[in-house]
Amino acid sequence: MATRSATSGGLERRRRMAVAAALGSILVLGFLLRCTKLNVGFWVDEIYTAQGASLDFSDCLMHRLYPLCYVLAHFMLRLGDSESLLRLPSLVAGVAGIAALYGLAKEAHSRAAGLVAAFLLALSAYHVHYSQDARFYAFAALAGIWIVHALFRAITRGRRADWASYIGACLFALSVQLTMAPFIVAAAAGAALWGLATRAPDTGKRRLRAVGLLVLCTALGSLGVVTLSVVRSDSPLHFVAGAGLDDHWADAGADAKTPLLDRHRRDPGLTGGRAHRLTPMEYGAYLSEYFRFQFAPLGWAALALAVLGLGVLWRRSSAWGAILLAALALFPVPFFLVDVRHVFVSRYFIPVLPIGLLLVAAGVAVCIEYAGRRSRTLHGLAAAAILALLAGDQAIGLARQYQRPLEEDWRAMAGCMAETLAPRDVILVGDDAPLAHPCLAFYLPRMRVDAATLNTVRYVAVSDAAGVRAALLRHPCATLWLVTGEAASPDTLEQTAGAVFERSGTFGAYALWCLGKPTVNLFPFPGFESADALPALPPGVELAGGDEARSGEHSLRIAAIGPEGAGPSRESGVRTPDSWVARFELLPDRVRLRNPGFEIWEQDAAPGWRAIPDGAGTATPSESAYSGRYAARLNGEGGRGGLVQIIDGCLLPGRRISVRCMGKAAAPDAMGLAFRFDEGADTRRIEARHPGGGEWCALAVEAEVPAYAVPGSVAIELWRQGDSEGGVSADAVSVEILSDEAFIDPTRNYVLSMDVKWEGVQRKRAPVYTSTKMMPERGSDVGQPGPVGRVVLSGEYLDGYPFEYVLYWISGTCDWHRIAVLVESESIPPGARNLALSVGVFGTTDTAWLEENGPDGPAYTRTVSVYEGEGRIWVDNVQFEPGNRPTPLAWGIREPHDERAAAVDWGAGEE
């Protein structure tokens with residue numbers, strides 16, 4: 001007898017160890033599956049969590065009526081502000097939910113059901129997703145398990161510890177999410193109905209007392225949210241339509257005058273006062289989303305197993321059946337009956353997910369037990385087959401979820417903008433992307449954009465082409481960013497973006513478009529896309545396509561080919577051209593006039609042109625234009641007046657220029673073109689006069705601008721004389737520098753920006769060679785890696801002697817990133833010409849002459865030390881432009897935006 005008891009005890013211990021090992025494996029699996037996307041960018045609700053958590057602790061505690069998520073995130077922020085840390089509490093809650101569901105299913109049915117339920121929850125794609133979400137949904141699922149488990153124990157056993165656990169579960173659930181209140185009421189209603197349905201008189205009294213305790217403990221469990229509501233003077237019913245909302249909620253939801261961005265910044269879920277009511281069809285769609293199966297027959301089989309499991313649990317204990325059925329069926333009922341002012345989404349009802357999996361697990365356990373009654377082999381095969389089918393289907397769902405791109409990738413969008421974001425940039429937000437404002441405002445500071453820049457960035461809401469055009473006209477010299485909804489963008493806005501802006505990328509459901517500030521790219525091959533236009537490339541330099549391009553189809557790959565291919569010669573010691581260097585001559589900078597065709601007018605003034613004499617309204621738009629839509633009509637009575645434009649910069653002094661325009665005047669000498677500049681205290685003018693006749697005629701002047709001309713005095717004038725009969729008009733003004741050499745403005749700064757990556761770039765010193773004998777190696781860096789890769793700006797002085805200016809050093813290995821280098825004006829010699837940009841792995845040669853006394857007199861020995869560079873460099877999207885900071889990539893010249901707007905067909909009725 002003792003032997004049999006010992007044997008059964010040993011068997012039970014082995015079973016417990018096996019169950020513990022299986023549960024541990026399931027928990028590890030669940031943990032690993034929930035660590036895959038912890039470090040991706042936040043979506044909008046997670047951003048609100050991070051913002052609320054960044055408050056002081058007292059403010060964080062009072063931030064919402066459901067403070068738990070914010071309080072935990074507040075303590076996580078003390079460890080760091082990474083996405084992974086803020087999602088860590090949800091990860092812990094998700095894994096804890098797996099363990100808690102095992103305990104619930106074990107008590108409700110068996111250890112087998114507990115393991116199956118935990119296994120299904122560990123593989124649930126829905127639960128995995130929200131266990132990596134810095135919100136409260138993983139906590140809501142855990143709270144649902146705790147409430148059901150504690151409620152069953154309290155109503156059936158009635159111990160004080162069980163009632164205390166139920167009160168704690170209610171407090172926990174209501175601190176997680178206010179929608180847990182209907183779940184608590186639904187589960188409690190099921191327990192109460194079970195207690196009231198008893199027929200035995202003795203147990204009936206006990207159960208009636210239990211129902212009373214249930215009501216009391218549920219009320220005690222609600223004290224937390226009630227207390228916060230009183231302190232905050234905020235009603236828990238603030239989402240209910242017509243519930244007497246205070247001014248804060250009324251402003252956020254119903255005030256039609258409140259700007260769209262401001263309303264969504266206050267609370268994105270409130271939808272302008274519109275009422276929402278949940279329908280049974282929507283709730284059914286949410287259930288199918290929780291228990292989504294890739295193969296439909298498995299979904300129907302799981303539903304059948306859940307019904308079977310509910311029946312089995314009801315038969316074991318009607319309390320289980322009443323509580324679980326009420327939690328599933330009664331939870332959404334209040335939302336069927338009451339209008340609310342917040343949109344419904346499936347995640348608000350996530351507590352039913354573990355309950356449903358519990359029922360499925362109970363059904364699976366029954367099937368496995370039934371098979372085990374016939375044979376142990378059939379028992380094992382049935383368990384393996386059922387679990388393999390369910391696990392395989394869920395694994396496919398998980399794999400598809402992992403491959404699915406983020407729905408909102410605000411971090412990547414902000415990173416794209418931060419590369420070139422400048423003061424006074426304007427972010428246009430489409431009406432289908434209202435959340436862009438709070439999300440970008442959160443992420444841009446994290447991208448190390450300085451506060452001075454962010455304080456000047458403006459957000460403007462646009463809904464159609466008219467709004468975009470108004471922004472182009474209002475901000476002609478700022479970088480404009482446009483955020484639109486990829487899926488639901490109005491056709492007019494999408495077409496406008498495609499016609500005017502350049503697409504910067506798609507980030508989940510949103511697209512980012514950009515129109516940079518006016519600039520010119522002096523690098524002739526920005527993206528190396530036009531292979532036919534590229535000059536002959538030296539050995540070791542070639543176009544790379546496919547995955548080797550940062551954007552577009554090509555990048556430039558530069559690989560060191562070593563001294564045996566070309567470069568410094570070991571024999572001669574003479575420095576030869578580095579064949580592993582890509583060198584491109586820059587384009588010359590040029591004079592850019594503002595509004596040269598007079599296509600842009602604002603209140604009878606042409607932007608870029610100033611009336612002369614000062615303050616006189618001497619020009620109006622004329623539709624009788626030489627080209628385009630408008631010309632400038634020069635008006636006035638008596639005297640001389642017209643328009644003038646000062647030419648910025650210092651490109652013209654020392655060079656010969658040509659100035660042209662088209663003019664129309666009825667009388668001879670009534671209209672003219674003048675080019676002027678100051679020489680010391682004197683002003684010099686070169687003029688061309690119109691011959692009259694009332695027809696369009698070309699006016700042109702050429703001048704040699706002296707090198708000592710006063711910068712800022714160079715200007716173009718369009719003048720009219722006296723009372724010009726029939727009026728005079730001007731159009732199509734242009735300035736050209738009559739030189740073919742590459743030069744830049746010696747008084748301005750320039751910026752080089754480029755995408756670059758490199759691999760194994762380093763240097764090493766070869767042994768020293770001499771003409772007579774081996775000499776000891778010199779230097780302490782023999783064979784050591786160093787910055788042999790370089791980005792160099794080169795050119796010639798006025799006397800033709802070459803110079804080089806190293807802009808950036810490269811060594812080691814680095815993935816794609818964008819660099820920007822400021823080239824200050826004093827770094828470039830005055831009058832520098834034939835400028836070129838070189839990128840590559842460089843080699844150098846040192847030559848030394850040593851004197852030794854021999855029998856025939858002094859002897860000289862030449863010593864050569866060769867540096868060999870090695871590695872590869874990839875370059876893409878190169879831009880060399882005037883200014884103090886980089887702008888978005890320009891393919892040539894980018895004119896002011898109002899001029900671009902004038903050239904776009906905006907459709908009928910658009911002005």
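Visitor: Which residue in strand 25 is the bridge partner of Arg 790?

Guide: In strand 25, Gly 840 is the bridge partner of Arg 790. Before we go on, this is a predicted model, where local features need pLDDT of at least 70 and side-chain atom pairs count only at pLDDT 80 or more, while totals for chains, interfaces and linings use all residues. Residues are numbered from 1 along each chain as its sequence is written, and side-chain values use heavy atoms, with hydrogens and water left out.

Visitor: How many bridges join strand 22 and strand 25, and in which sense do they pair?

Guide: Strands of a sheet pair through backbone hydrogen bonds, either parallel or antiparallel. Here, strand 22 (residues 789-796) and strand 25 (residues 833-841) pair in the antiparallel sense over seven bridges. Pairing takes at least two DSSP bridges between two strands. Strands are DSSP runs of E, at least two residues long, and helices are runs of H or I of at least four, numbered from the N terminus.

Visitor: Which strands form the open sheet, and in what order?

Guide: The order is 9-25-22-23, with antiparallel pairing. Strand 9 (581-585) and strand 23 (802-810) stand at the edges with a single partner strand each, so one side of each has no neighbour in the sheet. On average, neighbouring strands of this sheet are turned by 20° against each other, direction ignored.

Visitor: How do helix 16 and helix 17 cross?

Guide: Two packed helices are described by the angle between their axes and the distance between the axes. The axes of helix 16 (residues 296-316) and helix 17 (residues 318-329) come within 5 Å and cross at roughly 135°. The two helices are therefore oblique to each other.

Visitor: Which residues of helix 16 meet helix 17?

Guide: Leu 310, Leu 313, Trp 314 and Arg 316 of helix 16 do, and their counterparts in helix 17 include Trp 320, Leu 324 and Leu 325. Contact means heavy atoms within 4.5 Å.

Visitor: Where do Arg 448 and Phe 598 sit?

Guide: Arg 448 lies in the loop between helix 22 (436-446) and helix 23 (451-454), and Phe 598 in the loop between strand 9 and strand 10 (610-612). Each has a positive phi in a residue other than glycine: near 65° for Arg 448 and near 55° for Phe 598. Arg 448 counts as exposed at 80% relative accessibility, whereas Phe 598, at 0%, counts as buried.

Visitor: How many helices and strands does the protein chain have?

Guide: There are 26 helices and 28 strands in the protein chain, and 49% of its 911 residues count as buried. Among its contacts between residues at least 6 apart in sequence, 76% join residues at least 24 apart.

Key: Axes are lines fitted to C-alpha atoms, for helices over the stretch in contact, and angles run from 0 to 180 degrees between N-to-C directions. Angles under 35 degrees count as roughly parallel, over 145 as roughly antiparallel, 65 to 115 as roughly perpendicular and the rest as oblique. Buried means under 20% relative accessible area, exposed over 50%, partly exposed in between (1.4 Å probe, protein chains only).
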